[in-house]
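Some terms used for a model need their grounds stated. The questions below go through them one by one.

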Amino acid sequence: MVLGAVGPGPAVPAAVSTSSAQTAPLVVLGVSGLSWATVQELAASADPLVAADAAAVMDYAAANAPVNLVQRTVGEISCPADGWLTLGAGTRARADTSHLQAESVCSGGTWTSAVQLAQADGYGAAPGTLATALDAAGVSYAAAGEGAVLALTNAAGPPESADPAALPALAGSGVGAADDRAGAAPDLILVDLMRAASAPDSGDAANGESPAAQAVRVLAQTLSELAGSARVVVVSVADPQDPSPQLGILPAGTTSPRGSEGGLLVGPTTHRRGLIQLTDLAPTLLAAVAGDDVVAASGLNGGVLTLPTAASPNTADTAASAANRISALADDAVHAVASNRAVIPVTLVLLTAALALLLAVGLELRRPERGALGRLGWAACWVTALPAGIWLANLVPWWRAGAWAPALATLVGALGAGLLTGLVALLARMRRRGVADAALTLTAAAPVVILVDAAVGAPLGFNGPLGMNAVVAGRFYGVSNTAFALAAGALVMALAAGADRFAAARGHRRAAVIAAVGVPGLLVLAVDGAPQLGADVGGTLTLIPALVALGAGLAGVRLGLRRWVAVGAVTMGVVGGFALADYATGSRTHLGGFVSQVLNGTAGTTLVRKAGALVSPFLSSPLALAALAVAGAGRGGGPMAAADGAGGPGWARRLRLAGDDARTGLAVPGAARPDGAGGGGGARQRLRPHHAAVLGGRRAAGTRGAVAQAA
């Protein structure tokens, strides 16, 4: 029997089960290095034994609930020990740091070292939380294999080792037979199958097999042994060689509080079809054997999936539908990896295009007699449309291009920007409008596309060329940091130019400015901050002061210290209201989750971790530090400063006055000063092309004086 090879040491009799006579035992089978794409490849193997084992795993998945499992723990590489430890802690944790060295070799770790690392990592992890909660509830459990023992070790020591003879005894018997053996099996059994996969006596098939083939072989055999006698959860806890989402199989009949989509469960914390997190397993397992009240008292913050009480079936009813589900999961995993690989090259293209445009505009501003600035206006329109074009690229399956996926994503985004620019140019010509009107429309395109996408669940932003993805696993829905930087930067510029025009045509300027900035600003704030839409805490904290600074600047109102204190109080009140509403309704997005952390005392670690993440790029990357230095040196300069000094648009001068007053260092620096001073360089680079587009169109006539009048 395969299960007889997984015991880490001398077996001891299992503790007496306290489970209900109507509930099948719960067994978690853990492997490593298996994704659905890998299983599909093995099913097509020329080796008939390997192909048969992979097909058996896929058949079992077809009869149950297959999912993708986010393997991210702490850092970019997750080792199996990290995965097991995270499973037992219910929070991202790591066992040791050996795999972070140059050789990137996983050497395992100890529970003691994991506790020390957890205190420094800032995720508030408490290794052994699951075992501690099980002890408090009087639920019996056991572990087989090194990883499983690590997961269920707590301050009281390691768990009992599952009796290798007792586990195979479950095979071939239904729940009724298991009832006759009450006391023979613990309520929860964790099994690390990878020791059995590599054991010398595990069969001749192991000779020369790849680790993935070994994992599939031992998994197929074990599933056969446990057929129909237990609730089985299968997880691939990590793959240090492949960051893609891993294989997961939940028992048939498992439900999610967010329902299902296309025959796949929607993850309770990811909000994505067929995607759950490793941190969701601890509360899910605890709820299955001890109840929801125990989960609430345990301090576990992961999402809870409701497991059935009956044993897992091993035969599928609709093979075609099951194959489609597994293919969809494999494609989603490929999509996530491609997205992670595309972020840097696509970002470099976007920034390079913006920088080239700024340099060209800067040169032409100093030599307006050459007459090229008008043509640069259309180039600026294309750069302005790039963020929206890149977001829309996810409408095309660029991620299936293999190694060429990042290049194809860049090309599709550039073509999308070109199509948007061409469409807007055509409409402008039909309405006899100039390049400045086209630029204003394209500037508004980025926030419209990004925020509408966020409002409908971020299907374009998630796993997109510039969006969040399931590999980094920092966010799965709503408005990400990158999305906010692009949308808010363009929003401020669109509102600045649009509101100034709107107010200029009306008698009461201040009232017109308040309406022109406030109405769209409140709409954007609702989308960005609402828990079920953008769920963006940082964006809300930034957006309110930015809109106030924008409105005040356009209306010619100076904001003193007291007014800024009031703005800060209102901002905190709005964010707090969103968070409390989220917590009260039980949805627990990022906002409600933070309230929960405040209540259980772990919010401080989150704040420290995020502050460290904000500063660490400048401490670890010379390139980032150099960019910050260049941004600081360019404060008050650049082509926009030259334009402003020569007269410039009226709204730009008014915003400069507001920026001089505020000095608040907002995350959207262009909201305070048109040259981008006062904040991060990333947002500045994204604001300046919008300036250039508007100014380029207005300077097509030739003189500097015409520019000042045109705005």
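**Sheet, spans and ring pairs**

In this predicted model, an open, mixed sheet is built from seven strands in the order E3-E4-E1-E5-E6-E2-E9.

Q: Why is one side of strand E3 and of strand E9 left without a neighbour in the sheet?
A: E3 (141-144) and E9 (275-277) each have a single partner strand, so they stand at the edges. From one strand to the next, the twist averages 25°.

Q: What makes strand E1 and strand E5 a pair?
A: Pairing requires at least two bridges. E1 (residues 26-31) and E5 (residues 231-236) have six bridges, in the parallel sense. Leu26 is opposite Arg231 in E5.

Q: Why is the pair Trp398 and Trp399 called edge-to-face?
A: Ring centres must lie within 6.5 Å, and planes over 60 degrees apart count as edge-to-face. Here the centres are 6.0 Å apart and the planes stand at 85°, so the pair is edge-to-face.

Q: Why do Trp398 and Phe462 count as buried?
A: Buried means under 20% relative accessible area. Trp398 has 0% and Phe462 has 8%, so each is buried.

Q: What is the make-up of residues 404-427?
A: This span, listed by UniProt (unreviewed entry) under "transmembrane region", is 96% helix and 0% strand, with its end C-alpha atoms 34 Å apart.

Definitions and conventions. Residues numbered from 1 in each chain as written. Predicted model: local features only at pLDDT ≥ 70, side-chain atom pairs only at ≥ 80, totals over all residues. Heavy atoms only, no water. Helix = DSSP H or I, 4+ residues; strand = E, 2+ residues; numbered from the N terminus. Axes fitted to C-alpha atoms, helices over the stretch in contact; angles between N-to-C directions. UniProt positions renumbered as here; feature names shortened; annotations may be inferred. Phe/Tyr/Trp six-rings, centres within 6.5 Å; stacked < 30°, edge-to-face > 60°. Buried < 20%, exposed > 50% of the residue type's maximum accessible area, 1.4 Å probe, protein only.
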